[in-house]
Amino acid sequence: MTIQQDSQLASPAVAFPQDFLWGAATASYQIEGGAFEDGRTSSIWDTFSRTPGKVLNGDNGDVACDHYHRRADDVRLMSELGLRSYRFSVAWPRVQPGGRGPANQKGLDFYRGLVDDLLGRGIEPWLTLYHWDLPQELEDAGGWPARDTAYRFAEYAGLVHDALGDRVKFWTTHNEPWCSAFLGYGSGVHAPGVTDGAKALAAAHHLNLGHGLAVQAIRAAVPDRQMGITLNLHSLKAASDAEADRDAERRIDGVGNRVFLDPIFRGEYPADLLADTAELTDWGFVHDGDLAVINQPLDMLGVNYYTRQVVAGPSDDGAPQSHWRAPSAWPGSGQVRFLTRELPVTEMGWEVDPDGLVALLKRTHEDYGPIPMYITENGAAYDDRVAPDGSVPDPDRVAYLDAHLKACHEAMAAGVPLRGYFAWSLLDNYEWAWGYSRRFGIVHVDYDTQVRTPKTSAHWYADVIRRGGLAA
Ligand code: FCB
């Protein structure tokens, strides 16, 4: 890569603060490979990806980007791009095989090495404890719908912290617990593939409880440890002012956003959510004292944003909609319709709507702040191809990132304390139920040769970081 000198760079028209944390993100199962090496055991994604019909083309994470063996090269690449921070996750079954008992030192060694490589190159490690790889044995014992999993998670968090607490400043518990609970146990499109609304709600509570217990466990060791959580908050818009559409927005906000935000920041579950889901559960899984455990003071909130959703009430003719029938990812609110608009879409079919990010950040700040926020994921999948000259042009991704960074800037100008941004993703990787068919990386990965090629967006992002902002 050609690196320009700072002095050659014009100052940016859209400038970010000097200490803004510019980064890129990945997750263990999506990039590591080395799936059964050095004592790692199966996670629910190893099992799910081997279950016929669950993942496109039957793809699995056995090899993925082979990051387990290419760690040092990948960190060098991050350094060449000028990343100030790298968000990664720890694979639970790598460091505590089976989800119980002592730590597996070989598994921890991988992350010790990663953190040392990062620090050696001046890149701030940002650690996520859980990005969906639950040890299979814990799923067999009931998974997240079982209360014990929350306690197991806190114990695991303590083991990771014992090993890395001296070197990692930023700690987050879960990545997108909404997906773990409602895609994992509601619609079943993610591991473990269960379709049971009541279990999904119990899972959400135990993910919340596990978060609180993990924060307590880590702060018992280091009381001022910087801790947070990453949520995929849903940016919602009612299709119209009609009561049914506004009710649809309230419902999806409840089971998509407030189910996590309210207990974490306010120490309560929303009354309307309990009412919406009363036919499924009496919420008896919430024990006395749980909400106080969940309601720990936090230092940062990570927000993952990809798109906005327009929601509407049931159609007039009462015809069942795709979400009406089980399995729904929205227990108690399966009748809500999700409408599409005339907007450009990414390869995931997700509408490109940067204004939705501004609205989401402002709302979250107003209702749950003040708390420093970080965009812990934002990006887009496109059908990138290597050109004959070896480059990987991805103008749509550059436009997407540019527009969303401008949205971040707009939210900051409106008073949102946004402190950093992580592009999803550093590398093309295993996109869950879509296998390797969806490329989100700013760096292209050839899965046959494992050759990494920075796309145009990577060069562009490196420039943005060096300049500290964007052109007009
Ligand atoms: C998020 C996940 C991440 C990645 C992106 C596209 O929901 O956290 O692992 O798959 O979506």
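A polar side-chain atom of H131 lies 2.8 Å from an oxygen atom of the ligand. Hello everyone, let's start there. Such a polar contact is a pair of N or O atoms within 3.5 Å; within protein, one atom must be able to donate a hydrogen and the other to accept it, and residues adjacent in sequence count only if both atoms are side-chain atoms.

Before going on, please remember that this is a predicted model, where local features need pLDDT of at least 70 and side-chain atom pairs count only at pLDDT 80 or more, while totals for chains, interfaces and linings use all residues. Residues are numbered from 1 along each chain as its sequence is written, and side-chain values use heavy atoms, with hydrogens and water left out.

Back to the ligand. Which residues are around the ligand? They are Q30, H131, W132, N175, E176, Y306, E377, W424, E431, W432 and F440. Being near here means that a heavy atom of the residue lies within 4 Å of the molecule. Q30 places a polar side-chain atom 2.7 Å from a ligand oxygen, and for E377 a side-chain N or O atom is 3.0 Å from an oxygen atom of the ligand.

Now to the helices. Helices (H or I, at least four residues) and strands (E, at least two) are DSSP runs, numbered from the N terminus. Axes are lines fitted to C-alpha atoms, for helices over the stretch in contact, and angles run from 0 to 180 degrees between N-to-C directions.

Take helix α3 (residues 67-81) and helix α5 (residues 105-120): they pack at about 10°, with axes 9 Å apart. That makes α3 roughly parallel to α5. Angles under 35 degrees count as roughly parallel, over 145 as roughly antiparallel, 65 to 115 as roughly perpendicular and the rest as oblique. The α3 side of the contact (heavy atoms within 4.5 Å) includes Y68 and V75, and the α5 side includes F110 and L114. By class, this contact has seven nonpolar, two polar and three charged residues. Here Ala, Val, Leu, Ile, Met, Phe, Trp, Tyr, Cys and Pro count as nonpolar, Asp, Glu, Lys and Arg as charged, and the others, Gly among them, as polar.

Next comes α13 (residues 354-368), which packs against α10 (residues 243-266) at about 40°, with axes 11 Å apart. So α10 and α13 are oblique to each other. Among the contact residues are R258 and D262 of α10 and R363 and D367 of α13. How many charged residues does the contact of α10 with α13 have? Six, along with three nonpolar and one polar.

Helix α13 also meets α14 (residues 395-413), with axes that come within 8 Å and cross at roughly 30°. These two helices are therefore roughly parallel.

Last, some backbone details. A191 and P192 are joined by a cis peptide bond, with omega about 5°, and P192 sits in the loop between α8 (177-183) and α9 (197-221). The G369 to P370 bond is cis too, with omega near 0°; P370 is in the loop between α13 and β11 (373-377). Finally, D38 is not a glycine, yet has a positive phi of about 50°.
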